[in-house]
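Q: Could we go through this model together? I would like to begin with the terms for accessibility and then turn to particular contacts.

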Amino acid sequence: MRTDARQHHDPAVRGFASDNYAGAHPEVLAALALANGGHQIAYGEDEYTDHLQRVMHSHFGAGAETFPVFNGTGANVTALQALTDRWGAVVCAETAHINVDEGGAPERMAGLKLLTVPTPDGKLTPELIDRQAWGWEDEHRAMPQVVSITQNTELGTVYTPDEIKAICDHAHERGMKVHLDGARISNAAASLNVPMRTFTNAVGVDVLSYGGTKNGMLFGEAIVVLDPDAGRRLKHIRKMSMQLASKMRFVSVQLEAMLAKDLWLRNARHANAMARRLAEGVRQVHGVEILHEVQANAVFARLPHDVSERLQKRYRFYFWDEKAGDVRWMCSFDTTEDDVDGFLAALKEEMAR
């Protein structure tokens, strides 16, 4: 098919800055072409969105209801609005994406209060939750109504199913709901080698944000409601929050391409394997420290600041804590062994200078 568009980037350039840097998986692009052509009812009344519900049932149970949205921040903010009252608050880790990387959207757009807790590894526990889960009858304090966890966490660590069950049981005993930010939920499932239901609906999660963009989709995520009471007004909130796609079939068919069989798992397993390969190589480089257990597709490390700056000119990546010299290296579904080995060679060269 002819196009007047031109390629404006060099596809040979590789980096470890974010799994969002990767393009779309060829199977996802094929699915988009499959859904194109002809007319389909807009705003989610199309055949693809209808079929997606059944696909999601196979992963999250027959009671799951799925709401495709544009992006991860939109999924989180929309889901949290559905779970909170105007006076409500959300308990989350201090490092949570909703607190650090969403531009204040949960508080500005959803009108809720985030109650943050410092954690050593990005993971909440019942004991940590209790630092903020109190004062429900105190009109001077925002009411804790939701616990939000991230799987896997922003530090690359993974909750076990038992850990999430303990959080859900603890929150529910206090009348609170549990939201799971699953921006990298596929990587967590691949790391644990269990179905996604094992650490979501099976252990009491009420609503989750399903992430696909970081795992090979072109765009789009989904809110998956596991507790029917938690999503009673979600379709209205989605529209109000500017997350209702008119041509929703093009989000839904990507999710189908990922989840109808095992593309979601193949992609996640590969990204995780590349992170393990990277970590194993980094451990052989004197003067570089790995900061957290590498359980998914992220490697956090500490090395001299000047080395990082020189290395960034060869491979793009971000500082996590620039003052401390901490950096984050991310692997994606299309990271190759040659990418990893080339980066390790460059790291060794810069450390030796």
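Predicted model: local features only at pLDDT ≥ 70, side-chain atom pairs only at ≥ 80, totals over all residues.

Q: Which residue does Arg174 meet in a salt bridge?
A: Its partner is Asp130, with an N to O distance of 3.4 Å. The two come from distant parts of the chain, 44 residues apart: Asp130 sits in the loop between α6 (126-129) and β4, and Arg174 in the loop between α7 and β5 (177-182). Asp130 is partly exposed as well, because its relative accessible area is 31%.

Q: How many salt bridges does the count come to?
A: The count is 20. One of them pairs the side chains of Arg14 and Asp339 at 3.0 Å, N to O. Arg14 belongs to the segment before α1 and Asp339 to helix α13 (residues 337-352), so this pair ties together parts that are 325 residues apart in sequence.

Q: And Asp339, buried or exposed?
A: Asp339 is buried, because its relative accessibility is 12%. Arg14, at 29%, is partly exposed.

Q: What does Arg314 form a salt bridge with?
A: With Glu350, where the closest N and O atoms are 3.0 Å apart. Arg314 is in the loop between α12 (305-312) and β10 (318-321), and Glu350 is in helix α13, 36 residues apart. Both residues belong to one network of salt bridges with shared partners, which also includes Asp306, Arg310, Glu349 and Arg353.

Q: Changing topic: at what angle do α2 and α10 pack?
A: Helix α2 (residues 47-60) and helix α10 (residues 249-259) pack at about 30°, with axes 9 Å apart. Angles under 35 degrees count as roughly parallel, and the two helices are therefore roughly parallel to each other. The crossing of α2 past α10 is left-handed.

Q: What about the backbone: which residues does a cis peptide bond join?
A: Gln151 and Asn152, with omega about -5°. Asn152 is in the loop between β4 (143-150) and α7 (161-173).

Q: What is the phi of Tyr43?
A: It is positive, about 60°, although Tyr43 is not a glycine. Most residues other than glycine have a negative phi. Asn193 also has a positive phi, near 60°, and lies in the loop between α8 (185-192) and β6.

Q: Finally, which residues form a nonpolar patch on the surface?
A: Leu29, Phe70, Leu218 and Phe219, which together have about 330 Å² of accessible area.

Notes: Residues numbered from 1 in each chain as written. Heavy atoms only, no water. Patch = residues over 30% accessible without salt bridge, like charges linked within 9 Å, V, L, I, M, F, W, Y side chains within 5 Å. Areas by Shrake-Rupley, 256 points an atom, 1.4 Å probe, with all protein chains shown as cover. Salt bridge = Lys/Arg side-chain N within 4 Å of Asp/Glu carboxyl O. Axes fitted to C-alpha atoms, helices over the stretch in contact; angles between N-to-C directions. Helix = DSSP H or I, 4+ residues; strand = E, 2+ residues; numbered from the N terminus. Parallel < 35°, antiparallel > 145°, perpendicular 65-115°, else oblique. Left-handed = near helix turned anticlockwise from the far one by under 90°. Buried < 20%, exposed > 50% of the residue type's maximum accessible area, 1.4 Å probe, protein only.
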